[in-house]
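Subject: Structure handover

Hello,

Here is the structure I promised to pass on. Please keep it open while you read the notes below.

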Amino acid sequence: MELKKIGVVGCGLMGHGIVQIAAQAGFQVFAFEAKQEFLDKGLARIEKSLSKMAAKSVEKGKASAEDAEKGAAETRARITGTLDQKDLADCDLVIEAIIEDLDLKKQLYKELGAICKPETIFATNTSSFPVAEMGEASGRPERMVGLHFFNPVQLMRLVEVVRTEKTTDEVFATAKSFGEATRKVPVACKDTPGFVVNRLLVPYMVQSLLMLERGDATAADIDAAMQFGCGHPMGPITLTDYVGLDTTLSIVEGWVERYPNEPAFAIPEILRTKVKEGKLGRKTGEGFYKWDGDKKA
Ligand code: CAA
């Protein structure tokens with residue numbers, strides 16, 4: 001199936017990046033948000049990222065200033081922000097990137113199933129919820145996949161393409177080709193908790209927080225250990241701030257509820273406390289570290 005028009009629901013941390021890479025790949029993109037202020041924030045993030053990338057390609061001698069600005073302008077022109085869900089009705093692919101709340105996601109899929117054309121493929125960017133349940137809620141489980149991107153979407157090369165038992169070969173192949181068109185490396189995964197990356201990564205982040213909680217080492221030392229001992233670009237505690245403490249908590253809470261006998265799924269008290277205090281990481285300026293915009297303060 002040929003994709004031309006892409007809808008993205010949610011223009012937050014992940015959604016704005018998905019809007020941007022889809023537009024950079026030449027698709028016409030509708031970015032849907034529930035409120036104008038969220039949409040404005042998401043579009044402003046895209047603007048910032050496009051300027052950064054244009055400046056970088058000039059600096060590296062990959063493009064002239066004129067060509068870099070032309071490329072950014074073309075990307076910008078392919079993006080339409082909207083508060084009207086009906087603008088998604090004739091999209092070929094709708095990717096949902098709203099908060100990690102399964103009930104909210106199911107409600108959204110029910111609404112999308114009712115308004116979108118029959119051929120529309122639905123994709124969720126969920127980090128950890130069962131894709132199949134969203135497919136059932138949409139009323140077209142055979143046209144449902146997971147397209148799980150990584151933060152920051154503009155830079156991370158991977159996309160997990162998740163197929164449920166009902167996803168058709170055509171839908172899976174189309175979703176994979178979308179991933180390739182956005183210049184990501186697609187990996188195929190079954191509809192399992194956390195797919196490949198988060199099944200490995202989140203328990204690792206949890207262990208680092210339990211270590212901090214026990215006082216085994218400081219946050220800075222745990223991070224330095226993994227950065228310099230294992231060559232990771234950032235340590236697990238910085239990464240938790242980067243991903244968002246609320247997102248991390250909602251992933252593990254969901255797992256603990258569904259799989260109470262899996263010892264790798266645990267909820268560090270320190271994570272609950274920070275989230276209660278509204279310290280959600282980089283996006284709120286404080287988590288386990290203090291942040292000044294995109295950088296640690
Ligand atoms: N758009 C455009 N450019 C961006 C950008 C964005 N959104 N974010 C960063 N950049 C640019 C920076 O401006 C910087 O450019 P300069 O070199 O010109 O200054 C460049 O990218 C490198 O960034 P930084 O200097 O800030 O730092 P860095 O070299 O450490 O790279 C990083 C940043 C790519 C994020 C790297 O630290 C990294 O790979 N970290 C690990 C990230 C990771 O593990 N992500 C997965 C999270 S898990 C997840 O997403 C799944 C889930 O469901 C929970």
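Start at lysine 279, which is partly exposed at 25% relative accessibility. Here buried means under 20% relative accessible area, exposed means over 50%, and partly exposed is in between (1.4 Å probe, protein chains only). The side chain of lysine 279 meets that of glutamate 286 in a salt bridge, 3.7 Å from N to O. A salt bridge needs a side-chain nitrogen of Lys or Arg within 4 Å of a carboxyl oxygen of Asp or Glu. Glutamate 286 is also partly exposed, at 22%.

First, some housekeeping. This is a predicted model: local features need pLDDT of at least 70 and side-chain atom pairs count only at pLDDT 80 or more, while totals for chains, interfaces and linings use all residues. Residues are numbered from 1 along each chain as its sequence is written, and side-chain values use heavy atoms, with hydrogens and water left out.

Salt bridges

The structure holds 23 salt bridges. Two of them sit within helices. Helices are DSSP runs of H or I with at least four residues, strands are E runs with at least two, and both are numbered from the N terminus.

- Lysine 176 and glutamate 180 form a salt bridge at 3.9 Å, N to O. Both belong to helix 6 (residues 169-181), four residues apart, about one turn of the helix. Lysine 176 is partly exposed at 33%, and so is glutamate 180 at 41%.
- Glutamate 269 and arginine 272 form a salt bridge at 3.7 Å, N to O. They are three residues apart in helix 11 (residues 269-276), about one helical turn. Glutamate 269 is partly exposed at 43%. Arginine 272 is partly exposed at 29%.

Why does that spacing work? An α-helix has 3.6 residues a turn, so residues three or four places apart point the same way.

There is also a network: salt bridges link Lys48, Lys52, Arg282 and Asp294.

The ligand

Which residues come nearest to the ligand? Of the 20 residues around the ligand, they are Ser49, His148, Asn151, Asn198 and Lys295. A residue counts as near if one of its heavy atoms lies within 4 Å. The shell divides into eleven nonpolar, six polar and three charged residues. Nonpolar covers Ala, Val, Leu, Ile, Met, Phe, Trp, Tyr, Cys and Pro; charged covers Asp, Glu, Lys and Arg; the others, Gly among them, are polar.

Helix 2 (36-59), helix 7 (197-214) and helix 9 (236-243) each supply at least two residues of the shell. The largest share, four residues, comes from helix 2. Domain 1 (5-190) and domain 2 (199-287) each give at least three. Those bounds come from an automatic or database domain assignment.

Helix 1 and the loops

Nine of the ten residues of helix 1 (residues 15-24) are buried, so the helix is largely enclosed by the rest of the structure. Alanine 25 is in the loop between helix 1 and strand 2 (28-32). Its relative accessibility is 32%, which makes alanine 25 partly exposed. Alanine 25 and alanine 181 are 156 residues apart in sequence, yet 6.1 Å apart in space, C-alpha to C-alpha.

Threonine 182 lies in the loop between helix 6 and strand 8 (185-190). Threonine 182 is buried at 6%. Its side chain reaches the backbone oxygen of glycine 179 at 2.8 Å.

Backbone points to check

Most residues other than glycine have a negative phi, and most peptide bonds are trans. These places depart from that pattern:

- Arginine 183 has a positive phi of about 65° and is exposed at 70%.
- Phenylalanine 195 has a positive phi of about 50° and is buried at 5%.
- Asparagine 151 and proline 152 are joined by a cis peptide bond, with omega about 0°.

Best wishes

How values were computed. A polar contact is a pair of N or O atoms within 3.5 Å; within protein, one must be able to donate a hydrogen and the other to accept it, and residues adjacent in sequence count only if both atoms are side-chain atoms.
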